[in-house]
Amino acid sequence: MTTASYWQALDRFRAFARTEPDREAVIFPEGTNPDGLPAYRHITYRELDEWSDTIAERLAARGVGHGTRTIVLVLPSPELYAVLYGLLKIGAVPVVIDPGMGLRKMVHCLRAVEAEAFIGIPPAHAVRVLFRRSFRKVRTTVTVGRKWFWRGETLAAWGRTPSGLAPERRAAADGDVLVIGFTTGSTGPAKAVELTHGNLAAMIDQVDAARGHTAPVASLITLPLVGILDLLLGSRCVLPPLIPSKVGSTDPAHVVDAIDRFGVRTMFASPAVLIPLLQHLRQRPNELKSLSSIYSGGAPVPDWCIAGLREALTEDVLIYAGYGSTEALPMSLIESRELFGGLTERAHRGEGTCIGRPAEDVLAQLVPITDDPLPTWAHVEALAGELETSRGIGELVVAGPNVSTHYYWPEEANRQGKIIDGDRIWHRTGDLAQLDGEGRIWFCGRKSQRVVTAGGPMFTVQVEQIFNTVAGVARTALVGVGARGAQRPVLCVELEEGADGETVEATLRAHGTEFELTRRVADFLVHPGFPVDIRHNAKIGREQLAVWAAKQLGSDG
């Protein structure tokens, strides 16, 4: 009998499938009820375990096994979780990416991983066939849905019941690559992040610790990775109707319905989901009494949104603002009660956004602001004095069991993004921050988006938090126009519905003179709707806004 490697954390999932086989694992929308709300179906832990065993068996018979890089382009669904668990049961390496980054950009990224297997929905296979030279090493293809005009097999034809005895399995080493996930490229080139078996196992423990080691019972899933982790904690994972590349278009009425209908206890969502949810709750009050915790991520959630949710929901609900990235999730957390204990007022005075203390077992430090590589910690120490010239603000670097230490591609990303410190490897987040006396991290903006004027650097989030308090402002974005070192700071403004642009601009100008950080801002431009990232629909595309602002001001940028 052959021996297959697998992700040892799956033992948790198998334990639930064995002891509570009929527990709902994935609850998913299918069709519409007479009342216009989504109809739902579910698969159980036993069904998902057997289905993923079947997929593992079929893939192994076709040569897919330990280390086989396998592109997975499947919409959030039971099929996605069955495929991912099937791959992890045989030690294969799923490669996941956001198609919303753009077709050619996605193909360029996927070409670099030289995958040997490809599992996807029909449009994904159409891309594979159209750009066949970019997928020349693919030998195994599986279509989730109907085949169109290509060879290969369909997932449906494999059935959901394994045909033979499962192979003997051994746990893979913690340092083996478990999954390759691409960053969105929303604030720089997309990179292929290697996450190891140990990284993901640590994430499970950290998510569990963040919840106080309380079973999630039922989770609302808007990010597939969270579903992978929550299934290992025994959750009933509820998938509301959503389009992955347009999370912000999710109907908040469907979110409310799913929470109430299935007794959802915890949810992870970006501001693009939480802000419409708050607006809906204000129009149609509902305390969502089953909900005990909300975790936000993807971008800083506005403090007014957190405050509004605290008013709309039950008094004991916990609302966490989280901070993380593809390379490290979570990095830090802060609960709303601590935020409103004086920290939001500090944010409104220009200190940045408090994102809490480092997550369990995560170490965080600051290094001087530089666009140059920092190969070793000795290089960091040689520049230590430069932190004084940036008011104590530096680039945040992190290390810990959940933090990726290597990029699969491009190799240059390892040179630019990692720092060797003896046995420890620090990850450079590309985010600027400061640390307060209580060990809390204050996010000040992206390093690549800092505005470098003749009078010194300006950091986006610090400036924006001051201006965002002005009545009539939905949000703002600081950008620089001109050559770095002599950039002109420009504030782009997105108005609240019904706000008068001239009145808001006059108020912004007056407000800006009250703070040293904002006195240099003299140009204010109203924008109809900020560009945002594709994964969470929340991170502002300041690079695109800078190009737009330069045109508005008649500058060549």
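Author: Start with Glu 335 and Arg 310. They form a salt bridge, with their closest N and O atoms 3.8 Å apart. Glu 335 lies in strand 17 (residues 328-335) and Arg 310 in helix 10 (residues 303-312), so the pair ties together parts that are 25 residues apart in sequence. A salt bridge here means a side-chain nitrogen of Lys or Arg within 4 Å of a carboxyl oxygen of Asp or Glu. Helices (H or I, at least four residues) and strands (E, at least two) are DSSP runs, numbered from the N terminus.

A word on the basis. This is a predicted model, in which local features need pLDDT of at least 70, side-chain atom pairs count only at pLDDT 80 or more, and totals for chains, interfaces and linings use all residues. Residues are numbered from 1 along each chain as its sequence is written, and side-chain values use heavy atoms, with hydrogens and water left out.

Back to the pair. Glu 335 is buried, at 12% relative accessible area. Buried means under 20% relative accessible area, exposed over 50%, and partly exposed in between (1.4 Å probe, protein chains only). Arg 310 is buried too, along with Asp 303, Cys 305, Ile 306, Gly 308 and Leu 309 of helix 10. The cover over the buried residues of this helix includes strand 17, helix 9 (271-283), strand 16 (318-325), helix 11 (336-351) and helix 14 (460-467). Ile 306 also belongs to a core of 35 residues, as do Val 238, Val 255 and Leu 288. A nonpolar core is a set of buried Ala, Val, Leu, Ile, Met, Phe, Trp, Tyr and Cys residues joined through side-chain atoms within 4.5 Å.

Next, Arg 450 and Asp 371. Their salt bridge has its closest N and O atoms 3.1 Å apart. It links distant parts of the chain, 79 residues apart: Arg 450 is in the loop between strand 24 (441-446) and strand 25 (451-453), and Asp 371 in the loop between strand 19 (363-367) and helix 12 (377-382). Arg 450 is buried, at 10% relative accessible area. Asp 371 is partly exposed, at 41%.

Now a pair inside one helix. Glu 412 and Arg 415 meet in a salt bridge of 3.0 Å, N to O. They are three residues apart in helix 13 (residues 411-417), about one helical turn. An α-helix has 3.6 residues a turn, so residues three or four places apart point the same way. Both ends are partly exposed: Glu 412 at 38%, Arg 415 at 48%.

Some bridges join up. Arg 14, Asp 49, Asp 53, Lys 89 and Arg 169 are linked in a network of them. The total count is 32 salt bridges.

One arginine has no such partner. Arg 69, in strand 4 (residues 69-73), is buried yet has no salt bridge. The nearest side chain of opposite charge is Glu 114, 4.7 Å away. For charge, Lys and Arg count as positive and Asp and Glu as negative; His and the chain ends are not counted. Arg 69 does make a side-chain polar contact of 3.4 Å with Tyr 408. Such a contact is a pair of N or O atoms within 3.5 Å; within protein, one must be able to donate a hydrogen and the other to accept it, and residues adjacent in sequence count only if both atoms are side-chain atoms. Beyond four places in sequence, Arg 69 touches residues including Val 93, Glu 116 and Ile 180; contact means heavy atoms within 4.5 Å.
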